[in-house]
Each structure stands twice: as C-alpha cells, then as structure tokens.
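Please view the sequence and the structure alongside the text.

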There are 2 protein chains.
Amino acid sequence: MVLFSIKKNDQIPVYQQIIQNFIRLIEGKTLNKGDKFPASRVLAKKLGLNRSTVYRAYQELIALGYAESMPGSYMTVRERPELADEKHKSKKGILLWDKLVKPEGGKIKTCYLQFRPEYSKNNANSIINLSSLDFDHRLYPLNQFRRCMNQVLVNEGEKVLQYGEAQGYLPLRECIAQRLQLHGISVGADEILITNGSQQAINLVLSLLTKAGSKIAIESPTYAQILVLMRYYGVGAMEILLQDDGMDIHYLENRLKNEKPAFIYTIPNFQNPTGITLSQAKREALLNLAEKYQIPIVEDGFEEEMKYFGKAILPIKSMDKNQVVLYLGTLSKVLFPGVRIGWVAAQKECIEYLTAFKRFSELTGSTVLQAAISEFFKQGYYDLHIKRAQRMFRKRMQTALKTIKEHFPEEVHCTRPDGGYTMWCSLKKPYHDEKRLQEILLRNGVTVSPGEYYFHSSNPRKYFRISIACLNEEEIEEGLIRLSRALKEM
Amino acid sequence: MVLFSIKKNDQIPVYQQIIQNFIRLIEGKTLNKGDKFPASRVLAKKLGLNRSTVYRAYQELIALGYAESMPGSYMTVRERPELADEKHKSKKGILLWDKLVKPEGGKIKTCYLQFRPEYSKNNANSIINLSSLDFDHRLYPLNQFRRCMNQVLVNEGEKVLQYGEAQGYLPLRECIAQRLQLHGISVGADEILITNGSQQAINLVLSLLTKAGSKIAIESPTYAQILVLMRYYGVGAMEILLQDDGMDIHYLENRLKNEKPAFIYTIPNFQNPTGITLSQAKREALLNLAEKYQIPIVEDGFEEEMKYFGKAILPIKSMDKNQVVLYLGTLSKVLFPGVRIGWVAAQKECIEYLTAFKRFSELTGSTVLQAAISEFFKQGYYDLHIKRAQRMFRKRMQTALKTIKEHFPEEVHCTRPDGGYTMWCSLKKPYHDEKRLQEILLRNGVTVSPGEYYFHSSNPRKYFRISIACLNEEEIEEGLIRLSRALKEM
C-alpha cells in the first residue's frame, strides 16, 4: 500500500513530501478518481511519522482539490477540472453581457466603438489631418522631460512611486497655482485637484453635481466628449447658441428664469469646436447670472495658454469673488497628453467632494508623473515650451487664416480665432450624404471633423471643424488648399 | 481730444497701438467710466489712419471689456471688475455645496475625510505600523525601473507621451497575458483592460454592472474600499461569512435560490483582511454556482504572486471555460503603487463595456508609465523582483507567525495565511471603547487596522487586521511583541 518513501532530514518538510508524492501519483494516474487514501493512522505508522503530520498533509490535499472526504468515510481521490486554455474556452461564453450591463453602458460602448478610429488615426502619409486636436508631437520638449523624470527618480523615486495624495502631488498643485496667477486667478494649492486630464474633471463634476434627469447649460456646439457623458448619465442639455462673441447671454437669462441647470459649462477661450472667444462683457454678465441664480459655472480653460492675437482676456475665474466657478485646465493640449495631467480649481469644499470621489474610484493619480512635471515647471521648461509653442502656432494660425481667405469658396464661412487650434466652418447648404463628403475629402487627401459630433440635438449637416493642432505651416497650407478643392467639388 | 500719437512703422501694428494707448489712459484713470470715445471717423482723421483700423481697435476694446456701445450712440468707457485676489475673495463663497452635490457625494466625502490619515500615515519613527497594506518601499527595484523609463523615453518618447489606447498599451497587455499564463490563466491581450490600479477596475465594474438597489455578494469581512463605493452607488450586500477555507458556499447557494446579485466579489488568495485562502473544492463549487445562476464572478487576485507556503492553488479564472469570471490584478501590492497599473481580464465583450466607460471618463491611462513597465517585464526585472519579494516575505511571514505563537495571549485567535501580508485576529470579548484601544496601542508604539472597516453591516468590535506589508523581520518581531503587550494590557 505505501507507494513512496520519505526523507526525514530533507530540506522539504515531511508533510510537503507527502503532498508532493500524492500529487505525483494522482497526476500520473496511478491513483484515480474515487480511489481511497490510506487512513492517516495507518500511513503514519508505515512511514514512521506522527499522525498529525499526515493529517496536515491530507488537509492540504483537500484544499488543493486532489482529495475529498465525507464525514465517517475514507478520503478519496477527487477529479480536478481541466484548465480553461484556448482550446477548452467557449468563445461565446454563457453570460449575456448586454443584459447584465445597465442600458447606459450599451450607449457608451456604441460611442466608444464609433470614436475609436480617432485614436487609431488616419495615418496614411498622404492624408493631411485637419481633424485631430492632438498637439503637434514634433514640438514635445522630450529631453527636458526625460531629465526631469530621471532627476525625480534619482532623488525621490522611493517616495513618488508610492501611493500619493488623492488630491494630487502638493508641489505640482503649487506650481499650477503659481501659473494660474499669470492668468489672474488667485487660488491656493488646497483649492486645486489634479485630475487625469480635463476629461476626468468633467466626469467627476458630472458624477457629483448631476443625477439622471438633471440638465446642464452648454454652448451649442460644444466639446463632443462631454455630450457622450451627459447621455451616459441621463443628463439633459439647455443648449445656448454661440454668437460671434460667445454664448447668447440674453437667451440664457431667459431660460434661467424658468429652469435651473445643475451647472453652466463654457469654454470661453478659442472654444472647441468654434474657436470663438467669449467677450469680457459677456464674461461679466455670465458670472452675474451664475451668482444671481446660484448656479456653478464650469469654465473649461483647456487652451488658456494659446492666445496669439489681441490682448489677453482673463478667465471668468479671475473675477470669481464669490466662488461659483470651477476652473478646468490641462496639459494635454499644450504639452504631453500621455502624462494625464489636468486640474480643477474651485472652492475648497467643492474640491473636497471631487477629491473624495476620485479617491475611492482609483485611490490616487500617478505621483511619479506629477513629480516629474512639477520639476519641469520648476526648471522653467514649461514656460519656455509655452512661449515657443505660442510663437509657432501664432504663425501657423496666420498661415491658416491667410490660406482660407485666399482659397476657400466664398459660400463657406469660417471663424477667425484669436488663439487655440480650431476653426468652425459653415456651408451655405447642408450636405445630405455624409459618406459622400468623406469620400470627396479623402480623395483630395484631407480630413476634417464633421460638425454633428458637437451638437446635443441633431443639426443641419452644414458644419465642420478644422484643427491645425498637429500640423506645421506647410502642412496647414497644403491641407487647406486640398480642403478648398474638395469644397469646390461638392 | 487726441491724447496719444501712433508710430506708423513700429513693430506693433497700428490698431494694437490704439488699443494699448486707450487701456493705458483708462487704467491710469485719465479716462473714466462713462467717458465718450471719439467717433472712429474723427479719430482716424486726426491720426491719419484708415477708419477701418480704428474700428477694429474699438471692437477689440469692447471685447476686452474696456468699452461699451449702445446702438446709435457714442462708445463709452466701461468699468471692468476687479480681480478676485485673496483680499477680495469671499472665503465662504455663496454656493451651498452640500446642497448642490448629490447626497451620495456627502457620504463619500465623509469617508474620504476619515480615511485620509491612512495616507498621511503615522510616521512617528517610534511607532511600528502593522496597519498599512503598502508594499515595503525599501524593496523597490528603483534603478531597474529608472533604466526602463529612460530607455522608453529615448526610444519612443514621442509616441508614448501621446494619447494612447483607452484599453491600455498593447505591449503591456501582452506582458500581462503572458504572466497570467504562469497562474494557469489563458487570455489574449484583447481580453485585458489596463486600469489605474484594482480600485479603478472595481469602480468600473460597479458602475456598469450595478444600479442603485442592486446587491452584490461579498465575503464578510472584505476589502474595505469596495464597501465605500457600494454605499456611494446605493448597492446592497449579500454578505457571505468566511470559513477557514473561504466563503460559506452552502449559505451562498441557499441565498442564490431566492435572490440574484449583480456579481459575486471574492478575494480567493490571502483574502484582505483575513489572509484566508479559498480551497480548490470551493473554487470549483463557486464557479459552478456562478454558471448555474448566470452570475459574473469578480475575482480579485491582488496578491496572486505572493504565495509562500504549500502548493499554489490556481485562480478561479484558470478554470473559467464559460467566461463568467472577471479577474482583477494589480502591481500596487507587489511593486510600485505610484505607476497606477492594475488590470481586468474578462471576456472580450465585457472588456469593451469597461473600456468604453473608462475612455469617456478619462480618455486614456498613462501610456508612458505603461510602456516603462512593459519594458520592466521584458527585461525580466519583474520576474526577478517577484522572486526576491516572495523569498523575503516568506521569511517575514514565518517570523510573524512564530512571534504570534510565542507571544500572543491565548484568547486572541489569529489566522495563519499561506501568503500575502495580512492576518486576522479575533478577541474573545468585544472591546467597547475604540478610542481606548487606539490609545493603548499607541502607548505601546504600534498600530493595527480596526476590524470594523471590513464589514458592511455593523459588527461586534472584536477583530483587527495585522499587516506586515511594509515591515522587515526585526520590525515585525518587535511590532508583534509590542502588540501582544498591548493585548495583555486590555
């Protein structure tokens, strides 16, 4: 009956030798399902061991699934299931995910599958991309960043690779507070939450300030990706038309008399998609309305740094004495999106709510990246980089505006932004066949972003967005000439 | 009337000179609120300029808020509001955030303010921390990581600092898929979503698979931070008691006959907080139940790599032929939490839902960190690090178990885990005064984690969790001796 022997002075403890031997016998099919194990008393005697040693080994064999025992009966060999490797896995599975996931999940999945091509990008070399809002990666200050990262890892790697503060790395919050001073915004580091880009800030704000059935006031058109989240959360839109100097404040005021949105979302500078800047007078009027009706303003300053022409108009937040403005900023459109750094600046109590939800939804952000970027600020690299980027994009925007003026057919109207990367074009007549439009554009070697992405309600198909974010002057000129050709063809 | 002159061949365009001059006059109080601007025709004539140049300057002055005009009347100087700097800012603000934020936000804020001390940590040198589950940062393979990061930035910095794939950097997903093979799990890179640690994975799963009023089945006690999120989302608990070999499957089965939870959340290996391992037979039984009742299992394998004693029991996911298991993994408890890398491995369709919501809630994760970590895997550093960490923590756990056996009062019962970092201790009698307990612990120079964090319903105050995650052998021995002293004092 005893099928193996035990080495008493071996490195491997005796009870583990018993386990290993039984596993070998079972896996080698010497012992098979249903076979009885020797009684522990008997085995112990035969091997010259204490019964408790055998008992311990048997308990582990049960835990490992090689054995089972019924009360009052022998322990027997148990059949372990096969691993679910590729050949055994049912590709379809047995769960119906579209039933298990809540309906909003289905909506957002559809959007994801539609949007995905944006990130796989149309990289055919011959196509000029006037649709992407990704900052030109040829301008990345890579070496400076690499030096900062290296320095941070050498000097404080142990610290910054741990969990950090949920609110974000304090030195970076201090750098951001200092930078915001340049734009007239006075906030302390405790009034700033670092987020994974602006998009996370928008998600946090929507999560906490709205519930299904809420409405928020938005410019129409507006940032495409807030619209997807609004649909996901079941949040409706109070759509405020954009005029040449920003949203129609009178219309907003009339709407507010009857209905209170959870917040007002605005992109005052070089608005996405239109490139329009909200005038100073309207900024003041909007702030007054928000105070009067006690409605928070969510001010998206995603391209605050990218002013090229005219004197700077300061953010609404700079005048926010009564703390109704949540100001969003980000590095994603002027530096590296890959570091995932954005922020919210708002009243401390509001920041605490946002931080709390962020903390329980992912614990902390990436302290190591936040530390490298705060070094990047401290070394003065950020300032240098922004000055260079402004200089280059001023020229690029000039080229764009000049090329449009010279080449576009007269019946196409385009905005003339003071900064940022985007222009908004409207056609006299709607195009009926989007597929055909895309086909003509591709044939001419150029892409733009279709206007319908930017509207909450359906709209006449007569708009598109041009972005110069990832192109140099030659590419902009050539791209816009191609686009004008395509437009004439239509 | 003309208060300034213009340099026609200056670098600054003429219209901007006009603007700057007016702003100087207004800010210097030479011109004041209500003062009229000269008619554009008149000013143009005086300065010898084209009228359209003056018109353009005037339009910009209006946009900047220095002027206003009523139809059919002169343009006049407008009062601009002061900036909201520190001395003008109303500290209290006018918004009542606790009314504007939805009630669940208040609950989570309370938890945040309570939990926060965990991250500020009790760093008084004299206190030995037996409460933290943070991996010992003295074991960080810092130089290897720094080399990987540097290499990635040199070779592909431009690429990895851009937005990446929402699902996570493909080479890292491939590394993880390969690593999971070691644990018997066969999944492809398309069945993996990289998350910001396990906590984000848990948040995504809760967001998509539950709604207010849902229930999920959890072990009791369980991971403290899923409980906070459950309360936030209004999700109830089907609490399944833990036995020495894992959750009480018979009880679970009885409950499932009457009620269907949204999913079953389990930590089969070295469970947090108890250190208990779910036996193989129970893993199979649990999987069978999930298949029978069509309920997803969320298997949290957060310390899969940290097995020290006995033969490995493979994850439930390794047997998951019918694709009902969502497997969660993370680097946070065995390497650097600061890189924020965790993952979900599940059926592709399920991954698409999770990815979609992640994508719209923050666009992408940090590709640059994901790339550095995938280099870290490829260089073999991860494997080396894990082997070393296992070796060290095997000894540390042995020290802990030995010290407990030798020093703890008999009436305190502690689990004896096969891996991980935590032990669960129960007292014979509940302590009634938590403050006094903490006081006695601190006086003895040691902290543990109070048991109540880990229960969904209130519980008798007779448990606490010991964690050795951040301590070496000497510290563990000394800490446990201090703890035993405190226990005797009680």
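## Terms and basis

Buried means under 20% relative accessible area, exposed means over 50%, and partly exposed lies in between, with a 1.4 Å probe and protein chains only. Helices (H or I, at least four residues) and strands (E, at least two residues) are DSSP runs numbered from the N terminus.

This is a predicted model, in which local features need pLDDT of at least 70 and side-chain atom pairs count only at pLDDT 80 or more, while totals for chains, interfaces and linings use all residues. Residues are numbered from 1 along each chain as its sequence is written, chains are lettered from A and ligands numbered from 1 in the order in which they are written, and side-chain values use heavy atoms, with hydrogens and water left out.

In chain B, strand β13 (residues 422–426) is mostly covered, with five of its five residues buried. T422(B), W424(B) and S426(B) point one way from the strand, M423(B) and C425(B) point the other way, and all of them are buried. Two strands count as paired if DSSP finds at least two bridges between them. β13(B) pairs in the antiparallel sense with strand β12 (residues 413–414) of chain B over two bridges, where S426(B) is the bridge partner of H413(B). β13(B) also pairs in the antiparallel sense with strand β16 (residues 463–467) of chain B, over five bridges, and there M423(B) stands opposite I466(B).

In chain A, four strands form an open sheet in the order β12-β13-β16-β15, with antiparallel pairing. Its edge strands are β12 (413–414) and β15 (449–450), each of which pairs on one side only. Two bridges join β15(A) to the antiparallel strand β16 (residues 463–467) of chain A, with F464(A) in β16(A) as the bridge partner of P450(A). Helix α15 (residues 381–407) of chain A lies across β12, β13 and β16 of chain A and runs at about 15° to β13(A); such angles run from 0 to 180 degrees between N-to-C directions, and axes are lines fitted to C-alpha atoms, for helices over the stretch in contact.

## Two copies and their contact

Chain B can be laid on chain A with an RMSD of 0.2 Å by a turn of 180° and a shift of 0.1 Å along the axis, and the two copies are thus related as by a two-fold rotation axis. The superposition is by least squares on the C-alpha atoms of residues with pLDDT of at least 70 in both copies. Among the residues of chain B, N150(B) comes closest to the rotation axis, at 3.6 Å (C-alpha). Because 100% of the interface residues of chain B are also interface residues in chain A, the copies meet through the same surface; contact here means heavy atoms within 4.5 Å.

The axes of helix α13 (residues 348–362) of chain A and helix α5 (residues 103–115) of chain B come within 8 Å and cross at roughly 80°. Residues of α13(A), including Y353(A), F357(A) and F360(A), meet residues of α5(B), including I108(B), Y112(B) and F115(B).

## Backbone details

A cis peptide bond, with omega about 5°, joins S220(A) and P221(A), and P221(A) is placed in the loop between β5 (215–220) and α10 (224–233) of chain A.

R340(B) has a positive phi of about 50° although it is not a glycine, and R340(B) lies in the loop between β10 (325–330) and β11 (342–345) of chain B. At 4% relative accessibility, R340(B) counts as buried.
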